[in-house]
Structures are given as structure tokens and as C-alpha cells.
Amino acid sequence: MILSNPTTTPKKRLGYFSRLLDDASAGERYRLVTEQIAHAEALGFESAWVAQHHFHEHEGGLPSPLVFLAHVAARTQRIRLGTGVVTLSMENAIRVAEDAAVLDLLSGGRLEVGLGTGGTAESFEAFGVGSQERGAVYGRNLDVLRAAWRGDALRGGVRVYPAAPHLLGRIWQATFSVEGGQRAGAAGEGLMLSRTQPRPDHAPKLSLPEIQNPIIDAYLAALPAGQAPRILGSRTLLVADRREDALRWAETGLRRLAVRHAHASAGPFPRVDPQAPLERLIEAYDVHLGTPDEVIASLQADTALARTTDLVFQVHSIDPPHAAILRSLELTARIVAPALGWSGAAGAAAAPAGTERELQAA
């Protein structure tokens, strides 16, 4: 049974997410994604999110999201800046508390803090944490982070400066599980849902909404009375003027991803034959692509996404060229997101000159 939201659901917010995987050097990746976020802001997007990944540049190109977001904050004015996620199991929680407090001040109070366990086994080993310990370490570090932001006395009697108790209301927890949804709800924090996740062995044909609706149910049931829900639904989205362009980029990106996952030693990824038909790859990785009308129809069938407060779209793991990302953002703000309940794009989504010419060369 799908539960209704216990409070009036606010109008949906629109976000852009990046794992910084543009086909370029690290420095160029950072420049391109900064440009993409500024473009999203100009189009009316309310938030931009970046992931943290250590060591594996093909999974994500950013080990230091708070540093990067400080750079983005200086080049934007309004858009909220979020971590999706800080892998708290591999961090010193007090340092995260301090860096986040400073970034929030520098950005004018625009920081949102997404947290998760994350990471591949070898990443944990490099930080001196056993992969099997990630859940327990995450829980302890989350307790320390909350205490630091509350202003509690820490060991030695010290307190974090600058004080940031307001950040307690901007925590989001990422999870794949019903239990994780319950924990986020009981804490009164935000819930982050992934763009894709592996199917359970006993039910390999489950759709993504069939997996995520029970997580949302558990979150809403545990949410304190009167607490407004915050549910972020991340989805892979590529909107193009021509479906054949979107399919061409998907052919490259999704097959490359399937090859990497076929050889991965660990990680919460769907497994699919890299030689499978492209439509099978699109289905396995829960991808929404095509023209605006095609994408709208695809997303409107996603019953879990319909229950979210925050629509957050990423191009991974299609990973098209930069010009195609900019165009997808434009079509999303102008056509797709309004059809899904977003009303913030009025008059904001004019395409800059040159975008479509650049696409023809991509």
C-alpha cells in the first residue's frame, strides 16, 4: 500500500546532479560542471548536487565536494548546493562539520548536506576502514556530526566554530533499503533515492518504483507528526531534440558502463550483459531518454518519482558531450519538468545562442 504524505506536499523543486564524469581531465571536468550548474541556475533550477568518489575516476571525478562547491558558490547567486553524497564512513565527522559550516557561510546559506555509506571495498581499505564496518562507522560519524552542529561539547570540552545548528535541518540520507528510509524518517531528515539500484535476487524483474515505493512508505510512516517530508528522487535523464541522438550517446555510455560493472569486484550496481540489446541496457539502468514528449511519458509512469518533493536529474551513465548536457537542461526546464509538477521555470528557459550549433558537431 502506498501511503499519502502526512502533510501538504509543497510544489516540486528541480535539481541537477553531476558525478563530474565529462570526458576530459580533472580540471576540465570541474570547469565544465561549474558551467553546467551556472546554466541550470539561469534556467530556474533550484538545486545542484555533486557526488563524492575517491580514487576511481570512472565512477566519479570528485573526492572533495565541499571544496568544489565553494568554487561554484562564488560563481552563482541563488541555486542551492548539495552533496549527493559525502561518504561519511570515510570522513572525520568533525572536519566535515567545520568545512560545511564555513561553506554555508560563504555561499549565503545555500548548502544542503547529503550523506551516505558509499564506496567500493578498496576505497575503504585506503582509509583504514573495513568495508564490512561501513554501516557502523557511518552511524557513529553521523552522531558526531549532529552533535557538532547542535553545539554540543565534544571531547576535551570544545565546540565547533563557526556554529551551524541550522544545518541539522538540511541533512539528507541516501539509502537503498526500507530500513534506511525508516531511519531517515525517524530522524526527521531528508530521504535521497538513487537513479538506479540492483534488483533483489528473489525478484529480478522488479521495477525501480516497486523497489523505492516501500522505502518512501517507511520514511513517511516514521516521520514525526507535523514534519514536512523531503524526498529527493534522482533519475537518469537525457532530453534531446532527436531521439536518435540520445540513443547514439546511450549506446556508447551504457555499454561502457556494463563492461566496467561486469568486471567490478564490488559495488551496488545492476549487472547486465554488455552485448545485450540497447533497449535492455536502458531498462536495466533505469534510463529515461529521447525527445521531451517521450521523456515525459516515461517519467510519468514512475510512481515513486511522483511522490518526491525534489526532482533531481543527471545524465549518468549516458555521459553525453557537454553541449548535449546543456541542451538537455534547457529542454528539461522548458518542457519536461513543468509536465511533472514543477512551476519554477516561467520565462527562464531561453536557450543561449550557439547551443544547437554545438550539438550538431557533437
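Phenylalanine 55 is exposed, with a relative accessible area of 52%, where exposed means over 50%. The structure described here is a predicted model.

**Aromatic pairs**

A pair of aromatic rings is described by the distance of the centres and the angle of the planes. The count of aromatic pairs in this model comes to four. Two of them are given below.

| Pair | Centre to centre | Angle between planes | Class |
|---|---|---|---|
| Tyrosine 30 and phenylalanine 68 | 5.8 Å | 50° | tilted |
| Phenylalanine 55 and phenylalanine 127 | 5.9 Å | 45° | tilted |

Tyrosine 30 belongs to helix α1 (residues 26-42) and phenylalanine 68 to helix α2 (residues 65-73), so their pair ties together parts that are 38 residues apart in sequence. Tyrosine 30 counts as partly exposed, at 25% relative accessibility, whereas phenylalanine 68 counts as buried, at 5%.

Phenylalanine 55 lies in the loop between β2 (47-50) and α2, and phenylalanine 127 in the loop between α4 (121-126) and α5 (134-150); this pair therefore ties together parts that are 72 residues apart in sequence. Phenylalanine 127 has a relative accessible area of 36% and is partly exposed.

**A charge over a ring**

Tryptophan 172 has the charged end of arginine 230 over its ring, 4.7 Å from the ring centre.

**Helix α11**

Helix α11 comprises 18 residues (residues 322-339) and, at 1.5 Å a residue, should span 26 Å; its end C-alpha atoms are 25 Å apart, which agrees. At threonine 332, α11 bends by about 50°. The helix is mostly covered, since 14 of its 18 residues are buried. Glycine 341, which follows α11, has a positive phi, near 110°.

How values were computed. Residues are numbered from 1 along each chain as its sequence is written. This is a predicted model: local features need pLDDT of at least 70, side-chain atom pairs count only at pLDDT 80 or more; totals for chains, interfaces and linings use all residues. Side-chain values use heavy atoms; hydrogens and water are left out. Helices (H or I, at least four residues) and strands (E, at least two) are DSSP runs, numbered from the N terminus. The expected span of a helix is 1.5 Å times one less than its number of residues. The bend at a residue is the angle between axes fitted to the seven residues ending there and the seven starting there. Buried means under 20% relative accessible area, exposed over 50%, partly exposed in between (1.4 Å probe, protein chains only). Rings of Phe, Tyr and Trp (its six-membered ring) pair if their centres lie within 6.5 Å; planes under 30 degrees apart count as stacked, over 60 as edge-to-face and the rest as tilted. A charge sits over a ring if NZ of Lys or CZ of Arg is within 6 Å of the ring centre and within 35 degrees of the ring normal.
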